[in-house]
Amino acid sequence: MRLDVLQLWQHAWPSLTLLIAAMVSLLTSVFPSRHRARITAVLAATAFLLSAQGFFHQWGLGEAKGFEFLVVDPLSNYLGALIALIGFITSIAAYPYILSQAEAIPEFFSLLLFAAFGMTTMVMTTNLLAFVLGLEIMSLSLYVLVGLRRYDPRSGEAAFKYFLLGSVATAFLLFGISFFYGSTGTLDLSRIPELLPNPEMATLFKLGALLILLGFAFKVGAVPFHFWAPDVYDGAPMPVTGFMATGVKVAAFGALIRVVEAFAPRHELPLQRWIVMLSFATMIVGNLVALRQRHLKRILAYSSIAHAGYLLLGMATLVGTGEIRAAALSPILFYLLVYSLLTLGVFSVLTILSSGGQELNDLKDLDGLSEKRPVLSAVLSVFFISLAGVPPTAGFLAKYYLFSQAIQVGLYPLAIAGILASAVSLYYYLGPIVRMYFHSHEKTWQAPGVMASLRLLLALMVAGVFYLGLFPASTLEISRRTVPIRALEAPLASPSAKLP
Amino acid sequence: MPHFPILTLITFSPLIGILIIPFIPKAKESLVKWVALISTLPALGLAVKLFLDFDRTTKAIQMAEGPIDWIKPFHIQYYMGIDGLSVTMVILTALISTICIIASWGIEKQVKGYFTLFLLLETGMMGTFLALDFFLFFIFWEIMLLPMYFLIGIWGGPRREYAAIKFFLYTLAGSVLMLLVLIAFYLYSDGHTFNLIALQDPKLHLGPLSSHGIRLACWIGLFIAFAIKVPVFPFHTWLPDAHVEAPTAISVILAGILLKLGTYGILRFNYQLFPDITVELVKWVAVLGVINIIYGALCAMAQKDFKKLIAYSSVSHMGFVLLGIASLTAEGITGGVMQMFNHGTITAQLFLIVGIIYDRAHHRDINGFGGLATAMPKYAVWTTIAFFAALGLPGLSGFISEALIFLGSFKNWPGLTAVAVTSVVLTAAYMLWTLQRVFLGPLNEKYKDYPDINGREVLCLLPLAIIVLAMGVYPKPLINMMSVSLKGINEVLVPYGAKVASVLGM
Amino acid sequence: MITLNHYLVLSAALFVMGFAGVVLRRNALVIFMSIELMLNAVNLSFVAFSRQFGNLDGQLASFFVIVLAAAEAAIGLAIIVLVFRRRATVQTTALNTLRDATNAS
């Protein structure tokens, strides 16, 4: 098949826009750095918005198209739109933060664009090689982003740890992919042959699948491969942490959906058992360890680990026969949307508070915030409460959807563990709220006022928390109509026929 | 036929205040209180209208709004309605909420936040009593949780953080259990419906939901969720802490309304959705009720803290409610629900009274007072009315409901009732002893110049006292309003082997 | 004759040695070299499989991996230099600012 560039552009332009914007933003180095920050910020925000709009438009067309390396289908468009929106919100929220740094760092926005391009590539392919390429584009950009505050030893240490552990994970992933290739003769997930060349290959295939899964487990921060996350989140600059906690999760889970979809029919793999074990450990450990944390970003790191556990629970329901599988995708996609909204909300507020030149660190730094910044405190509380899953907010409905799906397919112990674990989570999400409201104020706040665009954005996000909690029907319909390419080519079951 | 959406308006009218309060300039904080007061008035007015318009001859759901599809993919509906059980509670909620706003006039810290949360709490409480869709009920149930947490945690006493978190964790544990039952209904009810009225038909309970073991587990899960709210021994330990730390008005809300949600839930969910299991386990409900009565009374007797004493008396009085509804007689259940209403009005007075003396003395040590009757004669009169009502003096409302409960429960549980009756003596003992220690004896010089009860405080106590007196002399309007519905609840249990008895031919 | 299995055993041995280096060594540069070793083990197995199947996907993959390794080297060495300039050491044991500090604050 000849790669038709024009056709590729036609279908993949939202993703390529990010790449082009990233390249162009590098050319702005002719300007002095303060102007440069503004120019690249505007460029990045525009590109992200344009790209999100493009993905959404493509989603509306509902087409599925496969190229040599890339796949454009409703699933990739949904996730792509989500990633672009994450990038958009991050770039708006980070702008004052970047300007407040000892030396303004305009490269932040270029790297953000590159990372987002990598993420979109990860979700836009069924080819493992292209996936690794996207993963590395993302990871390499993130290594640098984490170390962006180069005068801060914590930032450097975080980058160092992330780089070393991330590279090892990549090596495992690649080794797994080589086994996958060795046992199937292809690098494309959608072309796994019905029968493996010989029975010996089954072992190799199994080993390959396991190693690939381990690579993913590392990237999403699943227990026991989570140990890097708290350190890296803690040391990274605030907006970067927010971007990692959301963007990487969306991209990695998006790609994992394709992997699980491809592996699910293979009976030689005890796939469900693997995922169930991962999910169980991740939910329990993430939530319990979070209880003992005193650093804000570490709490959020363990919180993001815990949420990875809930999402893995969703993945466990994705392993099943046709109808169950078709119904299991929508809770995961809805959860990814809600989780990203809430986590970005939290990090946007924390980024604003860190824009006074001093990074928020200890939980104590929030003491008495409600007296100085009542609106920001209230907004932050809404996001925390929703992350804990309290109705009538989006966080509750997303969890409800996910857990009820798991119960429906008979994963009772896992679902009940999840519900209990998320009840425990309320305790540590209340920690910051207790600090803000119940403790008295000790230090003076230096964080500047909030720019109008960011205010509008935060208002929209808070509205979204309640909108998705109270009137989720239309969004649920979107997630329900988002199917991967295989389901479109050979419909397993009409996705709307089977309601959970 | 679209009719006047009275129930929706009752529920959401307090939110009008929430929309206005943020825009009031900081300099005019007293305006916030007025706005809050005015925004509770529509609900109060509509509650009066409910009282007048309520059809007392049918046990069916009245003035229903919905069911309308709300979150269609999950089969969640917006469905509100009242019957004899909920109408009394709604009237109580509207009344107590308005009174509590008046009682909160002294709040000075973060005024806007306080009244915003308060109004949100009122919406949550109203919605919980009115919702007839399980999911909707759960949402309102949770909406109450956070405002209460903050109201205790920010405006409470010295150990407020501990009390707030304890309250929160206990209630949360209950919510988790309720959520599990909720999911079970979603998955295994015919048509995935949450409609509580439709679900009373056991034919809709399919699959695991029709097996005895799962039904038993669901019943127990729901019971614990509600028992924590009541609170039933041994889930009661959050209550004294929460009461002692909460500001006066919040204690009033907590005792006056929130506790009732527990027993309301037992009647609405356990009795109506799982009548078979209810018949099987009702004996244990009665036993727990008696434990509550005796244990609460004994603990109250041992307290030195005035507020803690009232808190434990609540535990004891809620035990009467449990015993009443476990009696499986029309009298007993009617007495139980009436006790819910009476306890709401009486305990509200008791907590207001504690608040009044705390505002002046800044302590609540019962032994530290003495002779207050000389310094504050009017205050002594109000206190005496409330205390006598609480100990069940004939002629006041508490007597009627307790008598009905004993009458009803004696029919089915004579032994337990005999034990419970001894509590009348215990209650009289701790109540009278407290009165004696606080008001009689030599006047402590410190308290000589205390101002007597003022107009605002009288305004809070007066309506409650009138109700207590009126219901004691002429309880018929209240009994009529609920007896048909409650009899209906009781009769549902008959096919499952309950020996439903009627003593007075009600 | 050298069969597929020989290549695979060598590849696995290289991979395990690389991983052992990552786990056991404390010097950042040595760890970094070990990671490169792991990536080369991957290359070897890709090429061996490619020969087995007679299709070029595996060889293509190994070229990709080489490029990735180069890119990682560029970023990784920069990060190591950054850390060295702050701490004057590249021993991983010295990098302990970030950890679960539950009691200290």
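**Exercise 1.** In this predicted model, work out how many residues of chain C are in contact with chain A, and which elements of chain C supply them.

*Solution.* Start with the head count: 37 residues of chain C touch 39 residues of chain A. Next, look for elements of chain C that give two or more residues to its side; these are α1 (4-24), α2 (28-53) and α3 (57-87). Of these, α3(C) has the largest share, with 16 residues. Finally, sort the chain C side by residue class: 24 are nonpolar, seven polar and six charged.

**Exercise 2.** Now do the chain A side that touches chain B: which element gives the largest share?

*Solution.* Here 19 residues of chain A meet 19 residues of chain B. On the chain A side, α15 (394-408), α16 (412-438) and α18 (473-480) each give two or more residues. The largest share belongs to α16(A), with seven residues. By class, this side of chain A has 17 nonpolar residues, two polar and no charged.

**Exercise 3.** Inside chain B, find how α10(B) is oriented against α13(B): roughly parallel or roughly antiparallel?

*Solution.* Grab the geometry: helix α10 (residues 248-273) and helix α13 (residues 330-361) of chain B pack at about 160°, their axes 8 Å apart. Angles over 145 degrees count as roughly antiparallel, so α10(B) is roughly antiparallel to α13(B). For handedness, α10(B) passes α13(B) in a right-handed crossing. Then check who meets whom: residues of α10(B) including B:Ser251, B:Ala255 and B:Lys260 face a set in α13(B) that includes B:Gly344, B:Ala348 and B:Phe351. The tally for this contact is seven nonpolar, seven polar and one charged.

Methods. Residues are numbered from 1 along each chain as its sequence is written. Chains are lettered from A and ligands numbered from 1 in the order in which they are written. This is a predicted model: local features need pLDDT of at least 70, side-chain atom pairs count only at pLDDT 80 or more; totals for chains, interfaces and linings use all residues. Two residues are in contact if their C-beta atoms, placed from the backbone, lie within 7 Å. Helices (H or I, at least four residues) and strands (E, at least two) are DSSP runs, numbered from the N terminus. Ala, Val, Leu, Ile, Met, Phe, Trp, Tyr, Cys and Pro count as nonpolar, Asp, Glu, Lys and Arg as charged, and the others, Gly among them, as polar. Axes are lines fitted to C-alpha atoms, for helices over the stretch in contact, and angles run from 0 to 180 degrees between N-to-C directions. Angles under 35 degrees count as roughly parallel, over 145 as roughly antiparallel, 65 to 115 as roughly perpendicular and the rest as oblique. A crossing is left-handed if the near helix is turned anticlockwise from the far one by less than a right angle, and right-handed if clockwise.
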